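Please open the model in your viewer, show it as a cartoon, and keep the selection tool at hand. The tour moves from one selection to the next and says at each stop what is there.

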Amino acid sequence: MNKDTGDKKFTNKLEQDAAELFSGKISGNLWPYLYGTPQDANDQVRGGILYNEMLEGEKDYYLYKYEAELFQTKGHLLTSLLGSNATFIELGPGSEQSIRLKTLPLLRSCSNLSGYVGIDISKPFVDKVLEVIRSEISGIKTEGIQQDFTQLKSLPDVEKPVILFKGSTIANLRRDEVPVFISGIKELVGKKHYLFLVHDANQDEVSLMKAYDTPKMAVFMENIMCRVHRDVSTVGMEPKEFTYKPEWVPDNHDLKHVLTATKAQKFDIQGETIEIEVGQKFHTLSSFKYPIEVFQKMISAAGYQSIDVIQDQSTRMAAHVFEG
Ligand SMILES: C[S@@+](CC[C@H](N)C(=O)[O-])C[C@H]1O[C@@H](n2cnc3c(N)ncnc32)[C@H](O)[C@@H]1O
């Protein structure tokens, strides 16, 4: 097993989360396991790869493009509010493309940037972000930490911390998880700091379905069952017997990622027998689409004050700076 992927660290929590999902106790809780990485050439777990294939192949998936454009054209409006000597602490920096198109333009627009810390569950992503930042920006302190950002016990003590959480990842957390996660970060930083958060505020069902109800998105979302099957003891489970369809629940701003069983199945998880019927639905995770005010209220409830927000031309993508 290739421990470098970091996948193994998640296994116990994944087992519990999968058991709760299949037994109907909870839903929308599999988001941390989406970007799994293969451990050998025959491994079917390919979430991170399929995500990139979806980005490249689905022209109507606007989130990534519009966010990059937002950072490149208006990022300076937010970084100018931070003043000099900031150190960015980024949660889940992602692929090289994500670093080059989104993180770097933001860092370059800072005045007298002091440092950059990248925290990612994936060792290859940690190594890559350090390589790119070090080669592109000189004279700053850099650090890479391979860790699950939901299980952080401490954060580096830096002069002016700016927590960067891009890619709308905050909107994959269940709604009840957001305040707990954000308050936890606030406590770990332990001093005055900024929070730089990005989310998609689009409420239009037509463009949402064009973005999410696509063949490559389906392959990416369905792959999470391969992850469950690989990392949890689920003898007899057939991970490919699920089909994807997103569902939009406007009242909760909830774009649900739903997998429907295409075959009856019976398998055990944590000593409990799971029986699945054909047509049974599993809401594996969500991409919440909070309107700006709803998002600001949610983050403010965790003890932060909104400083500013910028939007891209379509007014879908929103980037916020909060102070805490
Ligand atoms: C595919 S990227 C998408 C978000 C990325 N920030 C962007 O803007 O493109 C997700 C990143 O978060 C990392 N990640 C996901 N869950 C994580 C967790 N619980 N702890 C640390 N890193 C995580 C993944 O390894 C990956 O680098």
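Begin by selecting helix α2 (residues 47–57) together with helix α8 (residues 215–222), which pack at an angle of about 170° with their axes 9 Å apart. Helices here are DSSP runs of H or I with at least four residues, strands are runs of E with at least two, and both are numbered from the N terminus. The axes are lines fitted to C-alpha atoms, for helices over the stretch in contact, and the angle runs from 0 to 180 degrees between N-to-C directions. Because of this angle, α2 is roughly antiparallel to α8, a label used for angles over 145 degrees, while those under 35 count as roughly parallel, 65 to 115 as roughly perpendicular and the rest as oblique.

Now show the residues that make the contact: G47, L50, Y51, E53, M54 and G57 of α2, and K216, M217, V219 and F220 of α8. Two residues are in contact if their C-beta atoms, placed from the backbone, lie within 7 Å. The residues of this contact divide into six nonpolar, two polar and two charged, where Ala, Val, Leu, Ile, Met, Phe, Trp, Tyr, Cys and Pro count as nonpolar, Asp, Glu, Lys and Arg as charged, and the others, Gly among them, as polar.

Before going further, note that this is a predicted model, in which local features need pLDDT of at least 70, side-chain atom pairs count only at pLDDT 80 or more, and totals for chains, interfaces and linings use all residues. Residues are numbered from 1 along each chain as its sequence is written. If you colour by pLDDT, the predictor's confidence in each residue from 0 to 100, you will find that the chain averages 95 and that 97% of the residues score at least 70. Over residues 1–5 the pLDDT is below 50, and this stretch has nine contacts in the model beyond near neighbours in sequence.

Next, select the ligand and the 18 residues around it, of which G92, G94, S98, I121 and G167 come nearest; a residue is near a molecule if its C-beta atom, placed from the backbone, lies within 6 Å of it. This shell divides into seven nonpolar, seven polar and four charged residues.

Then select F125, which is found in helix α5 (residues 123–136). Is F125 buried or exposed? F125 counts as buried, because it has 26 C-beta neighbours inside 10 Å; the cut-off for buried is 20 or more other C-beta atoms within 10 Å, for exposed 12 or fewer, and partly exposed lies in between, with C-beta atoms placed from the backbone. Leaving out residues up to four places away in sequence, F125 touches P93, G94 and D120.

Move on to S168, in the loop between β4 (160–165) and α6 (177–189), where phi is near 60°, a positive value in a residue other than glycine. Most residues other than glycine have a negative phi. S168 is buried, with 21 other C-beta atoms within 10 Å. Q270, in the loop between β8 (265–269) and β9, also has a positive phi, of about 50°, although it is not a glycine. Q270 is partly exposed, with 15 other C-beta atoms within 10 Å.

End at E272, which lies in strand β9 (residues 272–276) and is exposed, with 10 other C-beta atoms within 10 Å. Not counting residues up to four places away in sequence, E272 touches A19 and S23.
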